[in-house]
Number of protein chains: 4
Amino acid sequence: MSTFGHIYRVTTYGESHCASVGAIIDGCPPGLKLSAEDIQKQLSRRRPGQSDLTTPRNEKDLVQIQSGTEFGFTLGTPIAISVKNEDQRPHDYSETDFYPRPSHADYTYLEKYGIKASSGGGRSSARETIGRVAAGAIAEEYLRTAHRIEIVAFVSSVGKVHLPAALAPPSLVPSDQQEDNDEVDDALSPEFRELLATVTREQIDQHPTRCPHPPTAKRMVERIVRAKNAQDSIGGTVTCVIRNVPSGLGEPVFDKFEAALAHAMLSIPATKGFEIGSGFRGTEVPGSKHNDPFVRRSDGSLGTVTNWSGGVQGGITNGEDIYFRVGFKSPATISQPQQTAQYDGTPGSLAARGRHDPCVVPRAVPIVEAMAAIVVMDMLLAQNARSKASSLLPPLTTLPPTMRHGRDQKDRE
Amino acid sequence: MSTFGHIYRVTTYGESHCASVGAIIDGCPPGLKLSAEDIQKQLSRRRPGQSDLTTPRNEKDLVQIQSGTEFGFTLGTPIAISVKNEDQRPHDYSETDFYPRPSHADYTYLEKYGIKASSGGGRSSARETIGRVAAGAIAEEYLRTAHRIEIVAFVSSVGKVHLPAALAPPSLVPSDQQEDNDEVDDALSPEFRELLATVTREQIDQHPTRCPHPPTAKRMVERIVRAKNAQDSIGGTVTCVIRNVPSGLGEPVFDKFEAALAHAMLSIPATKGFEIGSGFRGTEVPGSKHNDPFVRRSDGSLGTVTNWSGGVQGGITNGEDIYFRVGFKSPATISQPQQTAQYDGTPGSLAARGRHDPCVVPRAVPIVEAMAAIVVMDMLLAQNARSKASSLLPPLTTLPPTMRHGRDQKDRE
Amino acid sequence: MSTFGHIYRVTTYGESHCASVGAIIDGCPPGLKLSAEDIQKQLSRRRPGQSDLTTPRNEKDLVQIQSGTEFGFTLGTPIAISVKNEDQRPHDYSETDFYPRPSHADYTYLEKYGIKASSGGGRSSARETIGRVAAGAIAEEYLRTAHRIEIVAFVSSVGKVHLPAALAPPSLVPSDQQEDNDEVDDALSPEFRELLATVTREQIDQHPTRCPHPPTAKRMVERIVRAKNAQDSIGGTVTCVIRNVPSGLGEPVFDKFEAALAHAMLSIPATKGFEIGSGFRGTEVPGSKHNDPFVRRSDGSLGTVTNWSGGVQGGITNGEDIYFRVGFKSPATISQPQQTAQYDGTPGSLAARGRHDPCVVPRAVPIVEAMAAIVVMDMLLAQNARSKASSLLPPLTTLPPTMRHGRDQKDRE
Amino acid sequence: MSTFGHIYRVTTYGESHCASVGAIIDGCPPGLKLSAEDIQKQLSRRRPGQSDLTTPRNEKDLVQIQSGTEFGFTLGTPIAISVKNEDQRPHDYSETDFYPRPSHADYTYLEKYGIKASSGGGRSSARETIGRVAAGAIAEEYLRTAHRIEIVAFVSSVGKVHLPAALAPPSLVPSDQQEDNDEVDDALSPEFRELLATVTREQIDQHPTRCPHPPTAKRMVERIVRAKNAQDSIGGTVTCVIRNVPSGLGEPVFDKFEAALAHAMLSIPATKGFEIGSGFRGTEVPGSKHNDPFVRRSDGSLGTVTNWSGGVQGGITNGEDIYFRVGFKSPATISQPQQTAQYDGTPGSLAARGRHDPCVVPRAVPIVEAMAAIVVMDMLLAQNARSKASSLLPPLTTLPPTMRHGRDQKDRE
C-alpha cells in the first residue's frame, strides 16, 4: 500500500490536483540535526523545469515540516512533511478523457478502484514521489552523520546511448555473444569500479542529463532532443552506488538486501527492470570468473578482490560498494496522435495536450537515491536491534572457531 | 525476515542440516481441495537429481501436512508443512571451514549474526526454498480452481546460449546498437507472445533444461556439460508468464504488482536481476512504439494490441499476460581451486569438496513459479478486501462518466 | 509505532506545539461519499471547551482534507487530513521544566528518546488523538453506509459514581462477594441490554458528562466539580456498544476481535483497563450461567439468549451487540503542589500551571468510538478478502454436514 | 492472524487433532544458549493432568526443535518447534455435533470460514497455546540472560475467592463505594508491592492452584471442587509481574507497552479483561493520590515512591515493576445439560461428553508469562534499533538542558 519500510517507515499521500502531497516518516532516530533545507535540496533536484530537457512546468515544491522536530533536531516522533499543490483545480473535463491513455494508469486505476481522479494521473502522478524524496533525504542525513554512507546515482544510458564500455555497468558492456567464449572479465572494468568509488553528486549535476561522462552526456542530449522534436519520448537507465554500508545488513530470507532494493526501485513509476552487481550479465560469466575472492584489507578485515556481487552475498551486505541499475521505460505521455480505443471500446485517435517530459531519467536520479537511502536506513535499524541484543550475551567460547566470529563480541556491536 | 506476503503469508524455516525444513502458510482461503500430492508435485520438480545435469544427491523431499486441512480440504487455519532432512549431522569440521567460500554467504552470515551453522550454507541453502515451493503450490491450487490462472516458467538462457530471437523475451533479442535507429518493433515478436500464451509445464518438462525450444535446449546441455567438465559453473535466466490474472491487482504506490514480484524474485538465492515486460529493452524503445494501444476485446472489455507493458500499468494488472525474466548468477560453489583468503585474512587456495550443480537454472523454474503464485495470491486477496467493500456502496451516479467505471458497481465485484 | 491497522491503516503525526497534527488513512474503500463536515462532527465532540467541566482552552480544530477525495467521494487512495495547531510556539522554558511531572510521560519519553519536546506533552498530548478521531469518523461513514453499523460510547462511571445496577455493565453491578453464592444472573440485566440496543449519540450528548442516565449524570457533575475545586482530578470508565456487526469478524489466533479492540483502547492516553462482555465479572459467574444458549432468530439465523460474551466467541464476532468498557485513570496533571523530584533527583514541590481538565472521560467518548470504528473496519476488510475468495470455490458437498456451513456457499459471501 | 510481534515474531499452527502443533520463532538474537529442555520446562507447566483439579488427559507434549540452533546455541535463523498430537484421528461424528456449543467457537468459526474442523475446538483449542509457551520460553531465556528480567504470574482469584486485601491487586481490594470518600490509599498495599517484588515461580508452583497465599489457595481448591461436582465450571484472574525491565520500552502511540500487552493477553483463549497497574480501580482514585511521585534511587536514577502506574507512563516503561491482571471467564465446556439450539435452529439439550477442566486459571499462568515475555522481547528489540542508532549521533549540546537526557549519549545506549 502506501507505506514502505518496517522500522524506518514512510507513508506517502497525494494526487496531482489535491491540496498537498507529502509523507509521514516514522522511526527516524531522535537527536538528528534536521532542517527543511536539508530536505529541500533533494526535492529541488527532483523538480521539473531544471533544464530545457525537462517539462517547463515550474513547480516550486517548497517543503514544510509539520511535526517531529524542534530547535532543528528530530524528536524520535513521526516527521510529517507536506508540499502544497499549486494547481488544485480538478482537471478540466474534455473529450480526451474518454480515452484511457495507452500504457498509462488510467485504465488500471479505474479497473482497480471503480473511480479515478479527474486528472488521469492521480496517484500514479510523478508528484507522489515528492514524499519519497523527502523521506530519503532525512534518511541520508542520518546515514551520512552516523556512518558516512554516501549514495550517488547517475544516468548510465538514454535510449541506445550508453556510457562507454570502460565506465559502464556490466550489462551495458557490449558482449561478443560467442556461446563458447568465456573471456568476459572485461565486463567489470577497473575504470567502472573507480567511478563507483569516487563519483559525487556535484559531478553528476554538472550536466543536465546527470551522466558523469561529458561526451556521452552530449549524445544523450541529442537523443532526448530528437525524441522531443518527434513528439516522442525515450527511456534510459540509472546506475546507483552506495558506499560505506556496514557489512551485515539484509534480512534473510525474504527480505534480502537486494530484494528490498528491487522492491523499492520497481515501486518508482515507469521502472521496468532492476539488476544488482553483475546483474543479467552475471548470468553469462562462469563461476570461476564471477566469484569474488577474499583478501585482507589494510584494517585487517576481509574485502573482495573483484565485486561482481555488487556488495551483497546471500542477501547480506559484505562491506563492498553496493551498485545496481534501474531501467525506466520511455514515458507513456507523448504529443503525437496514437490510434487506440475509448473506455467503451470505440476506436479513435488520442493526442496528449500540454507539454511533457520526453525523458524522465535525469529527474529520476534523486528518486533512486531516496529509495536506496530508505532501504539502507530500514535495514540498518533492523540490524541494530539484533546486534545490540547479541552484544549483551556471553561470548561463544564453546563453539568451534569456524562457527563464531573471529572478533570479540563487543567489537561486533 | 522469514515471512512473505500480507494476507497470504508464508513463513519458512530450516537450514541444511537441522531436523526438518518447512513453512507455515497463513491466510489460505478455507474450503480449498488440497492434498499432500498437490504439493509434492512441485516439490519433486524442484528436487535435485532429476537428470544428469543436476547434482546427484538424492533428496527425497516427502512433504507432510502438519495442520490446516481435514478430509482433504483447507480449514482457513494455518497450513504447516514439513520435509525431513535426511542428513541431520552437523557438518564435519575440516580445514576448508577456515575459508569463507567466495561469493557464498559464509562471510556475510558470520558478519551479520556473529555465529553460523557448521555447514556453511545454513539458511542460504537451497533447501530453504522447499517451504516456498510448497506455499506456492497451495496458492496455485486456489488460483487455478477459482480463477483459472496459469503460471509457467521456463529457461530462456544458459550462459550465452539464448532462445532464438523470435521466441526470446525483448532483452534477449539482439540489438543493432545504432543510437539513431528506432526500428525496434521486432524486439517483441508475435511468436514470443504466442509462446507466452500457450506454453505448458508439460512441454517445459520434456527437456531436462526446461527450455521450450529443443535445438536451444540441446545447446544449453552442451554449455552445462562444458561447465561441469571444467569444474566450473554457469548461470542463466528464467522467463515466466502468468495468464488469466484479473485486472486491478497491485497496491499503489509501494506495493505495485511488479514491485512485489521483483521483491519475491530477488529473494530467491543467486538471483541478480529482474525485468517485467519489455524490461531493460524497453528503455531503448521510443514511447510511440512502446505504448500499448487499447482495443475492444470480443467480450466487450478492453485489451491491448501489443504488450510491452507485460500485463501491468501503473503498478496494476490490466488483464494481459504478465511476463517477466529473472537472472541467476553462475553458482558460487565450484570444484576447481580458487585463490582467496581465510577468515583471518591468510591467503590460500580453496577447492570445494563434494559434487555440485554446475547450473541451477532448470531447478529454479518451479521456485520462480512458486514465488509468482504467492505474489498473485496475496494481491488477489488484498483486492478482494477492497472490491467487496466497494460493491456494497451506492452507485456513483453523480460523478462525471470519465471518473467512474463504465460497468455497474455490482459487476465489478 | 504510529500506524494502526493492517488493511485500513491509520498513521498519525503531531505534537502539541508543532505546525499541525493529522493522519494518513490508507485503505479506505473507493467510492464512499465523504466531506470534511463528516469528519468535523466527531472532532468537535472531542474538542476541549465544550462545557464548564472541561478545560477552557478553545481549540478550533478545523479539519482539512489534503488528498484522497474528489467531488465528495473517496478515490481509494490515501486520505490525508490535517488540523493546524493554533499555538505553535515552543514551550516557554521555566523552573517547572526541571521536574518530570508525576505519572506523566516526561520522564519516560526522555528515557526512550534521549530528547523530548519542550512542551512536556509532546506526542503523548491529547492532540495526538485528533488523527484517530478523524480516521474513525471516515471508517464510520463506510460502516454506516454499507452495513448500518452503529457505534455509541457513553460514560458509565466517574470516580465511584456509577450507573445504577440495572443499567450498568456487569463489572459495575455491586457483588455480594459471598464465595459460595452463585446467584449472579442479575449482573447482566435486561435493562442494560436494552440500553445497549437503543442508546444513541444524540441521547448521550444531551448531558455534558455523556452519561445516559440523568440522575447519575448529575452526581457525576458534582464529583467532577469537587475534583476541580480541590485542584485535583478524577477518572472514570467509558462503555461502548457496536451494533449490527456481521458475524465472522476477528482473526484467530493473535488478532482475535477482542485482542485488537483491547490493543486499540489501551493505546488511548490514560487508559488502564479493558474488558469485553461480562469482563472481570465474568470470572465469577459459573459456566452454567455464563454460557449464552443459542436460539433461532426471526430471520432464521442463530442468536444467543443472553450475551455475557459481548458479541464475540473464540475471538470472532457472532452477530450480537459487541460491548466493552475502558478505564481511564485520573488525569496526572493537577494544580495542587506535589512532592516529587527533579530529573537529577533533587527533591522539591511541583504545581502545574495553567488550567486542566479535572476529568477527561466525557471527551474520551468520541475517541473510544473512533478506535472501535477503526478496528471493525480493519477486521471487516480482512474478512472480505477471505469470504470473497471462498465464494469462488465449489461447494463443500463431500464433507459431513456438521463441518460445513448450512447455507449455500453463495449466501456466505 | 497467526503471527504476533514485529521484530521477535511468533507464528503458530495447529488444531487439536492434526499431526502436530508448533510455531516458528523468527528474530531471536543469535548466540543464545538454548536447549529443548529450556522450552520443555514451561510446556510442562502448561500441560493438563498436573493435579486432580485439571483434566486427566495425559498429553505428553514433548517439544522438538526443528531448526535454528546448533550445538545448543541459537543461529539467529528461525527456530521452528513442534509437538506431536497424540490423538490425530478426526473427531467421531455424533449427534452432539449438530449443536454449536454455547459460548464456544463452533458457531463463529463456521460463520467465518464456512468450514470447521470435525473436532469443534479446532484452532480455538487450548493446544494452540503450546506454540506460544515455547516462544515465550525462548524469549525468557534471552531476557534473563541479557537483562536479568523476571516474569512471574500467579492466580489472584478463582470465582469470588480473592487474595486477601493486603496481597491483592488494586481492583480486588474491597471498596467502600462511598462516592464522596477519597481515602483509597490502601488499595495499593505495601504487602502487595512486596509480593510483586519477591514472588518466584517456585513459590507459585508449590500449590496446584498457583495462588501464592496458602489459605486462599485452599479455598480456591474448594471452589473448583464445588464446580467440578456440580458439572459446572468457574473462572478467575491471573496477576503477573515483570521485574527489571529497562526504562524506555514501548512504541508510541499505537504500540504503547500496555497496548501490546493487552493485545497479547486478550489473544489468549477465554480472556475477557485486562488491566495494568491500578487498572479499573485507578479510575476511582483522585489524581493527587494516584500520581506516583519521583524519588532518587540509590544508583542515582529516578524511581517512583508508589507504583499505581504499574511500571508504564505514557505507554513507555519507567523501570518500575510492571504488573497487570487478566480475567478468564468460566470455561464454556461443562458436563451438565444445556438448553440451546442446533445449527439449523432446532431447540434441544446438549451435554458435553468427556472430562473437562472445571477451571483453567492455574494452567493459564505459564501462558500469561509466555505472552508477556514475547511482548517484552519485541519491545526491547525495537528500542535497541533506535537507541543504538541514536548513540552514533553527536551529543545534543545546543538544546536546553530540560529537552535532553541528563546523562551522556554513550550511557544511554
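How many residues of chain C are in contact with how many residues of chain D? The points below answer this and describe the surroundings.

1. This is a predicted model, in which local features need pLDDT of at least 70, side-chain atom pairs count only at pLDDT 80 or more, and totals for chains, interfaces and linings use all residues. Residues are numbered from 1 along each chain as its sequence is written, while chains are lettered from A and ligands numbered from 1 in the order in which they are written.

2. The contact between chains C and D involves 112 residues of chain C and 113 residues of chain D; two residues are in contact if their C-beta atoms, placed from the backbone, lie within 7 Å. Helix H2 (residues 106-113) of chain C gives the largest share of the side of chain C that touches chain D, with six residues. Helices (H or I, at least four residues) and strands (E, at least two) are DSSP runs, numbered from the N terminus. Sorted by class, that side of chain C holds 40 nonpolar, 48 polar and 24 charged residues. Nonpolar here covers Ala, Val, Leu, Ile, Met, Phe, Trp, Tyr, Cys and Pro; Asp, Glu, Lys and Arg count as charged, and the others, Gly among them, as polar.

3. Of the contact residues of chain C, 100% recur in chain D, and the same surface serves both copies.

4. An antiparallel open sheet of ten strands runs through both chains in the order S9(C)-S8(C)-S10(C)-S16(C)-S11(C)-S11(D)-S16(D)-S10(D)-S8(D)-S9(D). Two strands pair if DSSP finds at least two bridges between them. S11(C) and S11(D) run antiparallel and are joined by three bridges, with Phe274(C) opposite Phe274(D). At the edges stand strand S9 (161-162) of chain C and strand S9 (161-162) of chain D, each with a single partner strand, so one side of each has no neighbour in the sheet.

5. Within chain C, strand S10 (residues 236-243) and strand S16 (residues 322-328) pair in the antiparallel sense over seven bridges. Thr237(C) has Gly327(C) in S16(C) as its bridge partner. Helix H7 (residues 257-266) of chain C packs on this sheet, touching S11 (271-276) and S16 of chain C as well as S11 (271-276) of chain D, and its direction makes about 155° with that of S11(C). Axes are lines fitted to C-alpha atoms, for helices over the stretch in contact, and angles run from 0 to 180 degrees between N-to-C directions.

6. Chain C also has an open antiparallel sheet of five strands, in the order S1-S2-S3-S7-S4. Its edge strands are S1 (3-4) and S4 (63-65), each pairing on one side only. S1(C) is joined to S2 (residues 9-13) of chain C by two bridges, and Thr3(C) stands opposite Thr11(C). Helix H3 (residues 129-147) of chain C lies across S2, S3 (20-26), S4 and S7 (79-84), running at about 35° to S3(C).

7. Chain A has ten helices and 18 strands. Its C-alpha trace spans about 75 × 60 × 40 Å along the principal axes.
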